[in-house]
Amino acid sequence: MRHLLGVADLGGAEGIEEVMRLTDSFVEVSERAIPRVPALRGKTVAWLFYEDSTRTRLSFETAAKRLSADTMNFSVSSSSVKKGESLRDTARTIEAMGIDAIVVRHASAGAPHRIATWVDAAVVNAGDGWHEHPTQALLDIYTLRQRLGSLEGRHIAIVGDIKHSRVARSDVWAFTAMGARVTLVAPPTLLPPSLEGWPVTVSQDLDSVLSTVDAVYLLRMQHERMTEALLPSLREYTACFGLTNQRVELLRDDAWVMHPGPMNRGVEIAADVADLPRSLILDQVRNGVAVRMAVLYLLLGAGSDLVPPPATPKEDSVV
Amino acid sequence: MSEAGSLVIKGGRVVDAAGERDADVIVVDGLIAAVGPGLSADRTLDAGGCIVGPGLVDLHSHLREPGKEEAETIASGARGAALGGYTAVLAMPNTTPAMDSAAVVRQVVEIGRTAPCDVYASGAITVGRNGEQLAPMAEMAALGVRIFTDDGAGVQDNGLMRRAMEYASGLGVTLAQHCEDDALCGGGHMHEGEWSARLGIPGQPAEAEELMVMRDIALARLTGCRIHFQHLSTARSVEMVRTAIASGLAVSAEATPHHFTLTHAECQSYDPIFKVNPPLRTAQDVAAVKAGLADGTIAVIATDHAPHTPETKELPFDQAPPGMLGLETALALALTELGLPIQQVLGALSWRPAEIIGVGGTHGSVAVGRAANLCVIDPEVTWTVDGAAMASRSANTPFQGRELRGKVRHTVLHGEPVVIDGQAQR
Ligand SMILES: [Zn+2]
């Protein structure tokens with residue numbers, strides 16, 4: 001893997017398994033008193049964030065630091081990077097500084113792909129427009145495997161604004177690559193204009209789907225969807241597609257609740273539901289760092305003789 | 001050109017609307033003086049193994065002057081046109097300022113006078129191409145403008161379009177429409193469908209084009225005004241135009257080389273070189289556009305030549321401007337991709353567009369007594385497209401690296417060889 005631009009770059013289930021095994025090792029590292037290994041000493045990782053995302057940036061930054069990489073920040077607020085500047089100029093400038101990996105977040109789909117064509121550094125997509133967010137999908141899989149062991153034959157519902165969601169796109173490809181069955185639940189206005197070639201089923205009936213799933217994955221509902229006439233009101237959205245206190249009762253006892261954050265409590269998820277024991281939302285955040293360590297190690301650590309600590313057997317990773 | 005004496009284009013096969021024959025062509029004083037075997041003159045242009053056709057006529061060139069001279073000028077665009085075999089181009093009005101008044105039209109025509117290709121001006125339908133108030137069409141028509149369009153945008157308001165067509169019908173001019181309903185495709189950057197869904201790029205549905213085609217056919221019926229549909233791109237648009245023509249309405253249409261060769265799958269590279277309006281569509285649409293060209297529903301191949309500087313195409317897909325170069329590749333793409341007889345290809349590139357903009361008297365024919373606007377084509381030579389090698393100030397061709405068959409060898413403008421052996425002479 002030269003870049004991680006989308007889930008397809010991971011090379012299917014086999015590649016994802018490799019990231020999972022490495023993540024196991026780095027979870028172990030993260031639990032040490034000094035959670036740091038010298039795996040990427042001498043390497044430099046830069047952040048190129050055209051879109052504010054403190055959570056994702058901090059997660060990547062912590063991952064890089066725990067691998068002993070040097071980091072540089074080219075976020076919009078702290079550099080000349082701005083809308084309308086040639087992506088190529090920016091990418092070239094960064095590379096001239098001897099950067100080994102560029103972590104890109106951009107409001108435009110495909111911006112990381114374009115940058116990858118112009119630089120020798122590895123490019124990691126940390127979210128591009130509505131397109132993909134592959135490290136989110138990896139941490140989602142890792143989090144689910146901690147509870148379910150394997151995704152093979154499992155049923156996962158992704159609920160909400162699929163159309164505008166890079167998380168949904170990455171999760172669909174990643175979950176199904178690992179053998180899970182995915183059902184998209186959303187009003188037609190929030191579905192992509194075509195699902196040709198997507199290995200999913202679609203439903204508008206959340207109630208009937210909930211009793212059949214191993215996990216329900218709620219997407220953030222953005223307020224601007226109201227002004228685009230995609231929904232009559234947030235209230236109606238919550239009534240039909242929100243995981244309310246009543247609706248959560250329809251889940252099986254062993255079914256889990258996930259959300260990529262940040263949440264709109266009271267809209268797509270009831271305030272109390274997010275804090276139930278069946279909610280994996282904090283696990284997702286926690287696992288993000290180890291998954292991103294694994295990704296950076298895969299991209300930059302090859303050839304390094306600093307082998308990470310031995311992996312724990314993967315089947316035993318169920319908590 | 002009388003000081004140049006007589007010129008013979010020798011050894012080629014002459015093709016025009018009248019048919020095909022092996023013949024030499026003698027040019028004197030800018031006019032075709034004789035067509036026949038075994039002719040000679042003061043100067044000779046070799047056309048052995050070549051097609052000698054009328055110069056090509058483009059109904060859809062964005063020459064960018066005035067306003068965006070860093071991307072193209074009338075001179076650089078016309079040079080590229082000449083190299084592509086064109087002896088006439090129709091400049092689109094989306095300049096800055098827009099070609100919505102006699103003053104700007106006069107300026108464009110004046111600059112075009114010294115260009116190596118005849119430059120005709122289109123006029124905007126509405127002031128500033130804003131779709132709100134009719135532009136002074138009579139004043140521009142008096143300067144010779146025969147086509148009015150707000151190209152780059154369609155006229156959105158139904159009532160205003162009706163009035164524009166009624167007014168235009170009184171002037172005997174043609175309205176040309178860029179068919180896209182803004183409310184349906186606003187915010188879109190590529191064809192809405194399988195690929196836009198996967199790539200996460202906001203889409204422009206085919207129906208955004210089709211609604212406006214449907215409306216304008218209805219308004220053509222209501223007003224009797226001639227309407228020309230620019231860059232048709234969907235199967236259902238082609239079908240509607242086919243039906244409208246069959247019912248006797250004064251409707252014509254053009255298609256671009258990119259819409260008969262490329263599909264929306266190209267956008268998966270996220271390279272805005274493939275971003276264009278209307279967008280690249282499905283393989284079925286491409287097939288329908290080709291079928292429309294084959295059966296004559298689409299009378300014209302037009303380039304929609306739209307130069308953009310490299311910096312603007314280095315923006316993310318959704319921020320980059322739409323448009324592609326076309327003048328230097330259109331003929332070769334038509335010859336390589338359409339599989340149509342040469343006479344039909346030249347009809348779509350030369351005499352049929354010449355009729356639509358009313359320049360059939362000077363363009364589109366290889367007959368004795370007509371203006372010597374000619375192009376000599378080597379139909380078998382293959383060559384590789386290279387944007388950097390083009391005469392255009394820009395290099396945004398989506399066909400970079402593609403091998404094409406058929407190339408312009410010479411272009412003759414009013415008797416003057418402006419391209420000789422593939423080299424621009426001025
Ligand atoms: Zn147009």
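## A buried histidine in chain A

A:His133 sits in the loop between β4 (122–128) and α5 (134–148) of chain A. The model is predicted. A:His133 has 4% relative accessibility, so it counts as buried. The cut-off for buried is under 20%.

A:Ser165 is 32 residues from A:His133 in sequence. In space, the two are 9.0 Å apart, C-alpha to C-alpha.

## Helix α9 of chain A

Helix α9 of chain A covers residues 234–241. Its buried residues include A:Leu234, A:Tyr237, A:Thr238 and A:Phe241. Seen down the axis of α9(A), the buried residues fall within an arc of 100°, so they line one face of the helix. On the other side of α9(A), A:Arg235 and A:Ala239 are exposed.

What do the buried residues of α9(A) pack against? Two of the partners are strands of chain A, β5 (155–159) and β6 (181–185). The helices α7 (206–210) and α8 (224–227) of chain A are partners as well.

## The zinc site in chain B

Which residues coordinate the zinc ion? They are B:Asp151 through OD, B:His178 through ND1 and B:His231 through NE2. The distances run from 2.0 to 2.2 Å. In sequence, the donor residues are spaced D-x26-H-x52-H.

## Two crossing helices in chain B

Two packed helices are described by the angle between their axes and the distance between the axes. In chain B, helix α4 (residues 158–171) and helix α7 (residues 206–223) have axes that come within 10 Å. Those axes cross at roughly 45°. α4(B) and α7(B) are therefore oblique to each other. The crossing of α4(B) past α7(B) is right-handed.

Where the helices meet, α4(B) brings B:Asn158, B:Met161, B:Arg162, B:Met165, B:Glu166 and B:Ser169. From α7(B) come B:Arg215, B:Asp216, B:Leu219, B:Ala220, B:Leu222 and B:Thr223.

Terms used:
Residues are numbered from 1 along each chain as its sequence is written. Chains are lettered from A and ligands numbered from 1 in the order in which they are written. This is a predicted model: local features need pLDDT of at least 70, side-chain atom pairs count only at pLDDT 80 or more; totals for chains, interfaces and linings use all residues. Side-chain values use heavy atoms; hydrogens and water are left out. Buried means under 20% relative accessible area, exposed over 50%, partly exposed in between (1.4 Å probe, protein chains only). Helices (H or I, at least four residues) and strands (E, at least two) are DSSP runs, numbered from the N terminus. The arc is that of the directions from the helix axis to the C-beta atoms. Contact means heavy atoms within 4.5 Å. Donors are N, O and S atoms within 2.8 Å of the metal (3.2 Å for Na, K and Ca); water is not among the atoms, so sites may look incomplete. Axes are lines fitted to C-alpha atoms, for helices over the stretch in contact, and angles run from 0 to 180 degrees between N-to-C directions. Angles under 35 degrees count as roughly parallel, over 145 as roughly antiparallel, 65 to 115 as roughly perpendicular and the rest as oblique. A crossing is left-handed if the near helix is turned anticlockwise from the far one by less than a right angle, and right-handed if clockwise.
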